[in-house]
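User: I'm new to this one and would like to get my bearings. Please show me the model, and then we can go through it piece by piece.

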Amino acid sequence: MTLSTETEADTRATRIDPVLAQAGWGAGTVRREVICPGRIQSSGTRGRGLTADYVLVHKGQKLGVVEAKRAGLSHREGVAQAKDYAQRLGARFAYATNGLAWYQIDMVTGAEGEMALPFPTPQALWDRTFADRNDWRARFGAVPFEIDSGKWEPRYYQHNAITAALDAVARGNRRILLTLATGTGKTSIAFQTAWKLFQAKWNLTGKPVRRPRILFLADRNILANQAYNSFSAFPSDAITRIDPATIRKNDGKVPKNASLFFTIFQTFMTGEGEPVFQQYDPDFFDFIIIDECHRGGARDESEWRRLLEYFEPACQLGLTATPRRKHNADTYAYFGEPVYTYALRDGIEDGFLTPFKVRQMASTIDDYVFDGSDTLIEGEVEDGESFTESDFNTRIIIDERELSRVREFMGQIDQRHKTLVFCATQDHAALVRDLINQVKDSAHPAYCVRVTSDDGTIGEQHLRDFQDNDKTIPTVLTTSQKLSTGVDARNARNIVLMRPIRSMIEFKQIIGRGTRVYEGKDFFTIWDFVKAHENFSDPEWDGDPIDPVPPCPAPNAPPDTPEPTDDDPQGGDGDDVPKQKIRIKLGDGKIRSIRYLATTTYWSPEGKPISAKEFLERLLGDLSGLIADEDQLRQVWSDPDSRAKFLQQLADRGYDDDRFEDIRCLVDAADSDLFDVLAYVLFTLEPKTRHDRADAVRQQDTQADAREDIKALLITILNAYEAHGEKELASDKLGQFLTARFGSVGEAKAQLGDLPQIKNAFRAMQERLYSN
């Protein structure tokens, strides 16, 4: 074997593995790690994933990353990857090697340079990473994750979050904040953090003399129930609920004989005489986890803040998905800067969250002025009185306006896809439900249902059925406030906004309803009738929606105190409007004149909205870096293998099939080959249709020197290309065409001749197809 023939696998096995083994990096301390699977793209494909060749782990901490290249390449080829992987994994040291030479980077000090062997041992690397001795850090690291018999493995950002939280505890911090986007598994992070604290016997005494007493504090039953069920790996006698039923059973006394306690704010703040929480001494709890802490628990003006201050001695961990903003400034003032952050855009680019599109649905009846030509059914209105989006369905109701919106989005969505519709009030949600059922294609009477606080137990059952991915009915839910944080439906494909969004936090909550990954779900679509997309241009938008509320309570979970009502999260009926609303019936002429103009918002890799013009300019810049001139584009595109490689390069830059479909529409070339679209963007060449290209080849008699049976095969392929596009010309499609026509590839060879001859004819046809 020579350096030129040695593969990367050979280099790892014969040169790198022995070096690491000699330094003491063996089973359990060194592993290959898939960092992320890659951005979800169209048709079930993904962008480029990331895998670290070697991750060096000691005492539960990822200390280093080694990026390997084959011996025939320079060891510096892996430096950029090593730095990227180390930064993602939170490792202090990054190494690049070809097995012959080694390069080292300290990610904290920035020092880097050539490294002489021997490679540092696990303890040596630990000592270099952590100059300060901390016994708790080592004790936490000695506790393995609870992986549920191999069913759960921490993603890199979850490992980072858990490690960061525990490291803060080890350093003596008493206020800790984690900020992670919706759908990233904050409940799992909370569980693993509590598990390590419990097993390591950490407590406020600073000595491992007893198990800690940990409180999980939420503001809704559904959150507390989800967490309670997720902590089932703990011994049954270590867990308890603090709820009205348990307190009544104990003659009004709270449970104290446990290690993990679960409750909601409302229960803790109520009580006869004194609040329930005051039955516990201020130093009773060692550790408190505050779920969705942005929702008010740390606000200065909130009673919840009084609760947290009562338990001032406890170490308090806040979980949120909202970065510091004016709406939650007090949360950050209370907890301080987050010890770890993982944003929505990171989750989308890594492939752990689902991308989304925004359809902006502007219409001729977004605003309304009463001019006397329409019929006043009830209420009082003056001629010339005007109404804007915030007035509709609170002050004024126009059924025909709502029907036009329903018909518009129902006519464009796949009506089999699960959809959430956010309405202004509970009454509006009932109206929209009925309108959807009037225009739906489905014959099922429960196709669309309303889920609000007024719907009670039947609404909760509808919600559970909607969340069940094995059920198709109900398909559409209408709601007002309840489902903005109360539903986790992984297969939700559409979110329809039919009411103004009250705040940036609420906007992020609603966006978060669709980000969960589900098989076959390439993206979800936000249908925006209320200009909510303007939030994306707000400096407060950075791609991080609010954390979701988990699906539903456990069947046997005990009841808790009443939750906020649907139309007003703080309680009450939420309809802060006159009792008698204005109801208008539009004249026939106005109904017929309603028009909609839909546009799509495009997204940069940085997670920011960009205009169609900016989108094309970005594509032009990316293409210019890959293609020098028209001849090169034609040459690359004419060969199916080089075309596939080129398309993969574009996919790695974020241009998947869906984006190319958008580009086709932007340049008005829906029936053109992608080659023509790219040629137009790069060189302003007039696009040809696929029919024109295919017909030109057919007129040339396809292959003048080819046999008639091969010509017939090529005509079939040309017809498929004309109907379905350039994907029909991929190399791996040839075998499918042969099988479809002759029964098998072997039979095709028997009738047509050797496979190379068939492939040559297939490629020659494509050269002709793109020759002009």
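User: Which residue in E24 stands opposite Glu 378?
Analyst: Strand E16 (residues 375–378) is joined to strand E24 (residues 582–585) by three bridges, and the two run antiparallel. Strands (E, at least two residues) and helices (H or I, at least four) are DSSP runs, numbered from the N terminus, and two strands pair if DSSP finds at least two bridges between them. In E24, the residue opposite Glu 378 is Arg 583.

User: Which strands are the edge strands of that open sheet?
Analyst: The sheet has three strands in the order E16-E24-E18, with mixed pairing. The ones that pair on one side only are strand E16 (375–378) and strand E18 (396–397).

User: Where does the model come from, and how much of the protein chain counts as buried?
Analyst: It's a predicted model, where local features need pLDDT of at least 70, side-chain atom pairs count only at pLDDT 80 or more, and totals for chains, interfaces and linings use all residues. Residues are numbered from 1 along each chain as its sequence is written, and side-chain values use heavy atoms, with hydrogens and water left out. Buried means under 20% relative accessible area, exposed means over 50%, and partly exposed is in between, with a 1.4 Å probe and protein chains only. The protein chain has 772 residues, and the share that counts as buried is 54%.

User: How many helices and strands does the protein chain have?
Analyst: Let's look at contacts along the way: a contact means heavy atoms within 4.5 Å. Of the contacts with a separation of 6 or more, 73% come from residues 24 or more positions apart. As for the secondary structure, the chain comes to 27 helices and 26 strands.

User: Is Phe 216 buried or exposed?
Analyst: Phe 216 lies in strand E8 (residues 214–218), and five of the five residues of E8 are buried. Ile 214, Phe 216 and Ala 218 point one way, while Leu 215 and Leu 217 point the other. In a regular strand the side chains alternate between the two faces of the sheet. Phe 216 has a relative accessibility of 3%, so it counts as buried.

User: Which residue in E10 does Phe 216 stand opposite?
Analyst: E8 pairs with strand E10 (residues 260–264) in the parallel sense over five bridges. E8 also runs parallel to strand E11 (residues 287–290), through four bridges, and there Leu 215 has Ile 288 as its bridge partner. In E10, the residue opposite Phe 216 is Phe 262.

User: How do H19 and H22 run relative to each other, roughly parallel or roughly antiparallel?
Analyst: The axes of helix H19 (residues 630–638) and helix H22 (residues 674–683) come within 11 Å and cross at roughly 165°. Axes are lines fitted to C-alpha atoms, for helices over the stretch in contact, and angles run from 0 to 180 degrees between N-to-C directions. Angles under 35 degrees count as roughly parallel, over 145 as roughly antiparallel, 65 to 115 as roughly perpendicular and the rest as oblique. H19 and H22 are therefore roughly antiparallel.

User: How many charged residues are in the contact of H4 with H5?
Analyst: The axes of helix H4 (residues 135–142) and helix H5 (residues 156–170) come within 8 Å and cross at roughly 145°. Trp 136, Arg 137 and Phe 140 of H4 meet Leu 166, Asp 167, Val 169 and Ala 170 of H5. By class, that contact has five nonpolar residues (Ala, Val, Leu, Ile, Met, Phe, Trp, Tyr, Cys and Pro), no polar ones (the others, Gly among them), and, among Asp, Glu, Lys and Arg, which count as charged, two.

User: What is omega for the peptide bond from Leu 117 to Pro 118?
Analyst: Pro 118 sits in the loop between strand E6 (112–115) and helix H3 (122–129). The bond from Leu 117 to Pro 118 is cis, with omega near 15°.

User: What is the relative accessible area of Asp 251?
Analyst: Asp 251 lies in the loop between helix H8 (244–249) and E10. Its phi is near 60°, a positive value in a residue other than glycine. Asp 251 is exposed, with a relative accessible area of 72%.
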